[in-house]
Amino acid sequence: QVQLVESGGGLVQPGGSLRLSCQASGRTFSNYVMAWFRQAPGKEREFVAAINWSGHITRYADSVKGRFTISRDNVKNTVYLQMNSLKPDDSAVYYCAGGSGAGTYGEYDYWGQGTQVTVSS
């Protein structure tokens with residue numbers, strides 16, 4: 001069993017930056033594909049970014065490519081999402097997810113509770 005707890009959300013002005021963290025419990029964290037998803041009010045949850053077990057392979061949604069960076073620290077059991085050049089359309093609840101898989105494609109069995117990101121002036 002793995003538990004995921006997100007932190008780092010908040011209110012930021014357009015063009016600003018935030019860094020989300022996802023702390024995982026459990027000894028098998030380093031085996032998992034990890035990802036970030038987001039869901040805005042009235043919209044379906046959408047994929048944002050994923051990272052393979054070693055941290056050497058990443059994948060991004062086109063909407064965040066070049067602005068967001070996913071990374072992980074397998075010693076600290078933590079995955080991060082650095083978000084730069086934020087836009088109002090990035091406002092959503094951001095969820096951390098983890099699971100088994102190949103490369104950056106996983107079956108996400110574990111989900112965090114989410115952290116709110118609001119981009120507004």
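Strands β4 and β9 (residues 92-102) pair in the antiparallel sense, over seven bridges. This is a predicted model. Strand β4 spans residues 33-39 and is largely enclosed by the rest of the structure, because six of its seven residues are buried.

**Strand β4 and its partners**
- On the β9 side, Trp36 stands opposite Cys96.
- Strand β5 (residues 46-51) also pairs with β4. The sense is antiparallel, and the pairing runs over five bridges.
- Arg38 has Glu46 of β5 as its bridge partner.

**The β4-β5 turn**
- Strands β4 and β5 form a hairpin. Six residues lie between them.
- Gly42 sits in that turn. The phi of Gly42 is positive, at about 80 degrees.

**Gly112**
- Gly112 lies in a loop. That loop links β10 (105-111) to β11 (115-119).
- The relative accessible area of Gly112 is 8%. The cut-off for buried is under 20%, so Gly112 counts as buried.
- Leaving aside residues up to four places away in sequence, Gly112 touches Leu4, Glu6, Tyr95 and Cys96.
- Ser100 is twelve residues from Gly112 along the chain. Their C-alpha atoms are separated by 16 Å.

**Where the topics meet**
- Cys96 links the two parts of this briefing. Cys96 stands opposite Trp36, and Cys96 is also touched by Gly112.

Conventions:
Residues numbered from 1 in each chain as written. Predicted model: local features only at pLDDT ≥ 70, side-chain atom pairs only at ≥ 80, totals over all residues. Heavy atoms only, no water. Helix = DSSP H or I, 4+ residues; strand = E, 2+ residues; numbered from the N terminus. Buried < 20%, exposed > 50% of the residue type's maximum accessible area, 1.4 Å probe, protein only. Contact = heavy atoms within 4.5 Å. Pairing = 2+ DSSP bridges.
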